[in-house]
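Work through the exercises below with the sequence and the coordinates at hand. Each task is followed by a solution in steps.

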There are 2 protein chains.
Amino acid sequence: MDQPLILVTNDDGMFAPGIKALVEVASKFGEVVVIAPDSPQSGQGHAITITKPLRLNKVDAFPGVLAYECSGTPVDCVKLAKSVILNGRKIDLCVSGINHGSNASINIIYSGTMSAAMEASVEGIPSIGFSYLDYSFEAEFDASKYYAEVIIQFTLQNGFGDAKLLNVNIPKLPLNEIKGIKVCHQAEGNWTEEFIESKDPRGESYYWMTGEFFLESQDEDSDIWALRNGYVSIVPSMHDLTHYSALGSLKPLENVSHEFATKE
Amino acid sequence: MDQPLILVTNDDGMFAPGIKALVEVASKFGEVVVIAPDSPQSGQGHAITITKPLRLNKVDAFPGVLAYECSGTPVDCVKLAKSVILNGRKIDLCVSGINHGSNASINIIYSGTMSAAMEASVEGIPSIGFSYLDYSFEAEFDASKYYAEVIIQFTLQNGFGDAKLLNVNIPKLPLNEIKGIKVCHQAEGNWTEEFIESKDPRGESYYWMTGEFFLESQDEDSDIWALRNGYVSIVPSMHDLTHYSALGSLKPLENVSHEFATKE
């Protein structure tokens with residue numbers, strides 16, 4: 001493939017160090033076009049904007065790289081890039097991130113970074129979301145850039161196997177302490193919320209979400225295990241949410257409806 | 001089970017006829033508590049609110065039923081209901097909807113209705129999202145109510161099999177023309193966007209999303225096939241997005257990283 005077209009996006013906006021790192025890496029491999037939300041969109045999940053219009057502004061964010069800010073969600077960004085900015089052109093790869101903070105385990109469903117990547121994959125574009133387990137905007141991205149380069153190079157050369165979407169998380173460790181890559185499944189876990197209840201200046205109650213991650217399984221094939229043991233985790237992910245192994249156990253529902261229907 | 005506790009929610013807000021229909025059905029089976037967003041939240045996907053506080057207001061929406069409006073997303077609603085309103089109580093079932101419009105196929109990932117239901121299931125609560133293939137607020141909910149009752153009764157008595165989450169869609173047909181229930185997988189499809197570009201009163205461009213659903217597969221075990229052929233579709237769904245069958249094909253990535261790492 002000569003000069004692949006690579007779409008770079010994120011959920012933290014154009015000034016996040018993580019997207020700068022990813023633009024630098026992607027630029028080694030082909031033509032890069034960047035689109036990012038014009039405000040932080042962490043936790044936006046797969047939200048799309050349907051009840052109001054979107055704005056799109058060309059910005060001079062990275063030397064020599066076509067870049068746009070968009071007023072919408074990360075998923076809106078990908079849709080606008082595909083349909084408006086790159087209308088008709090084949091996008092060879094979409095990379096999202098590098099996110100400031102983990103998108104391992106259940107975080108994938110809340111994550112704007114991963115939802116942008118998933119949207120691209122839904123639309124047929126091989127796509128990778130990268131996340132680094134350090135929330136700080138002063139984070140050191142050397143190890144993340146190294147592994148982003150390894151993974152982008154491998155996937156451009158070899159494809160994605162049977163997958164269209166990869167969820168890559170990089171542990172908060174110096175490059176020489178990372179043990180390598182593990183291809184994993186998503187660990188089972190969830191967030192247990194606490195809501196801090198407080199009063200506003202008018203005396204009205206408000207609630208502010210906080211939470212703690214609760215890991216349900218620790219098995220060695222999971223992304224959380226890999227990250228806690230010094231590996232970069234890669235989870236091939238998909239947008240078909242069907243619980244296939246549960247189909248059989250629900251078949252009796254088909255008969256119930258029939259009994260009901262014929263009873264009437 | 002005597003007097004199960006049923007949480008009812010949606011993404012269209014408290015004044016949508018669909019939630020009224022669902023409250024009426026759920027009230028036949030147990031104690032109902034309702035929480036709904038205070039503004040329409042269609043297309044909000046799995047968005048959560050982390051950068052601003054949430055408001056929660058008790059409202060007198062349904063006679064004799066405890067009901068709250070929340071300023072957040074559908075997922076926020078479920079989290080607040082569980083952690084604040086019903087703090088410590090076991091919720092036996094969460095039902096979301098009845099949505100005005102389809103959540104079959106890929107719509108599940110954009111849908112506020114289904115994301116609310118999925119959030120409950122992530123937190124261990126058996127959960128069902130109901131959607132009716134009629135966008136109108138004047139829609140006739142008789143068939144939807146009938147099937148919601150059949151399915152809630154069955155699942156309260158028999159459980160969910162191996163699933164925790166059901167995506168139920170009801171075709172836009174009179175009750176006596178619906179052929180019954182099909183337990184299905186999610187059809188493969190996506191939305192092809194068009195953005196209507198226009199100018200605001202100041203002459204600045206804006207883009208408004210519109211789109212057309214493109215169905216990629218028509219197989220008889222899919223939800224879209226069932227709906228187009230007069231059946232209620234039930235897709236057992238899950239939040240583990242791992243593409244398990246792709247794990248093997250990506251294993252070579254583990255070696256590549258090792259080669260790189262040892263080359264340094």
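## Exercise 1: a hairpin at the sheet edge

Strands β3(B) and β4(B) are antiparallel and joined by 4 bridges. The model is a predicted one.

Task. Find the residue opposite Leu56(B) in β4(B), and state how many residues lie between β3(B) and β4(B) in the hairpin.

Solution. 
- Step 1. The residue opposite Leu56(B) is Cys70(B), in β4(B).
- Step 2. The hairpin of β3(B) and β4(B) has 6 residues between the strands.
- Step 3. In the turn, Gly64(B) has a positive phi of about 75°.

## Exercise 2: the sheet of chain B

Task. Write down the strand order of the open sheet in chain B and say which strands stand at the edges.

Solution. 
- Step 1. The sheet has 9 strands in the order β3-β4-β2-β1-β5-β6-β7-β11-β8, with mixed pairing.
- Step 2. In chain B, β3 (56-59) and β8 (180-183) each have a single partner strand, so each has one side without a neighbour in the sheet and stands at an edge.
- Step 3. Direction ignored, neighbouring strands of this sheet are turned by 20° against each other on average.
- Step 4. Parallel pairs can now be located. β2(B) and β4(B) run parallel and are joined by 5 bridges, with Ala36(B) opposite Glu69(B) in β4(B).
- Step 5. Strand β1 (residues 5-9) of chain B and strand β5 (residues 93-100) of chain B also run parallel, joined by 4 bridges. Thr9(B) is opposite Ser96(B) of β5(B).

## Exercise 3: helices on the sheets

Task. Which strands does helix α2 of chain B lie across, and which does helix α4 of chain B lie across?

Solution. 
- Step 1. Helix α2 (residues 74-85) of chain B lies across β1, β2 (31-37), β3, β4 (66-70) and β5 of chain B, and runs at about 135° to β2(B).
- Step 2. Helix α4 (residues 112-122) of chain B lies across β1, β5, β6 (127-132) and β7 (165-170) of chain B, at about 170° to β6(B).

## Exercise 4: a helix pair

Task. Helix α1 (residues 17-26) of chain B packs with helix α5 (residues 142-158) of chain B. What are the angle and the axis separation, and which residues make the contact?

Solution. 
- Step 1. The angle is about 40° and the axes are 10 Å apart.
- Step 2. α1(B) and α5(B) are therefore oblique to each other.
- Step 3. Their crossing is right-handed.
- Step 4. α1(B) contributes Ala21(B), Leu22(B), Glu24(B), Val25(B) and Ala26(B), while α5(B) contributes Ser144(B), Lys145(B), Ala148(B), Glu149(B) and Ile152(B).
- Step 5. Sorted by class, the contact of α1(B) with α5(B) has 6 nonpolar, 1 polar and 3 charged residues.

## Exercise 5: backbone exceptions

Task. Where are the cis peptide bonds of Ile98(A) and Ile98(B), and what is the phi of Ser105(A)?

Solution. 
- Step 1. Most residues other than glycine have a negative phi, and most peptide bonds are trans.
- Step 2. In chain A, the bond from Gly97(A) to Ile98(A) is cis, with omega near -10°; Ile98(A) is in strand β5 of chain A.
- Step 3. In chain B, a cis bond joins Gly97(B) and Ile98(B), with omega about -10°; Ile98(B) is in strand β5 of chain B.
- Step 4. Ser105(A) is not a glycine, yet has a positive phi of about 50°. Ser105(A) lies in the loop between β5 and α3 (107-110) of chain A.

## Exercise 6: the two chains

Solution. 
- Step 1. 71 residues of chain A contact 71 residues of chain B.
- Step 2. On the side of chain A that touches chain B, helix α8 (residues 252-263) of chain A gives the most, with 7 residues.
- Step 3. That side of chain A divides into 39 nonpolar, 22 polar and 10 charged residues.
- Step 4. The same surface serves both copies, as 100% of the contact residues of chain A recur in chain B.

Definitions and conventions. Residues numbered from 1 in each chain as written. Chains lettered and ligands numbered in written order. Predicted model: local features only at pLDDT ≥ 70, side-chain atom pairs only at ≥ 80, totals over all residues. Axes fitted to C-alpha atoms, helices over the stretch in contact; angles between N-to-C directions. Helix = DSSP H or I, 4+ residues; strand = E, 2+ residues; numbered from the N terminus. Parallel < 35°, antiparallel > 145°, perpendicular 65-115°, else oblique. Left-handed = near helix turned anticlockwise from the far one by under 90°. Contact = placed C-beta atoms within 7 Å. Nonpolar A, V, L, I, M, F, W, Y, C, P; charged D, E, K, R; others polar. Pairing = 2+ DSSP bridges.
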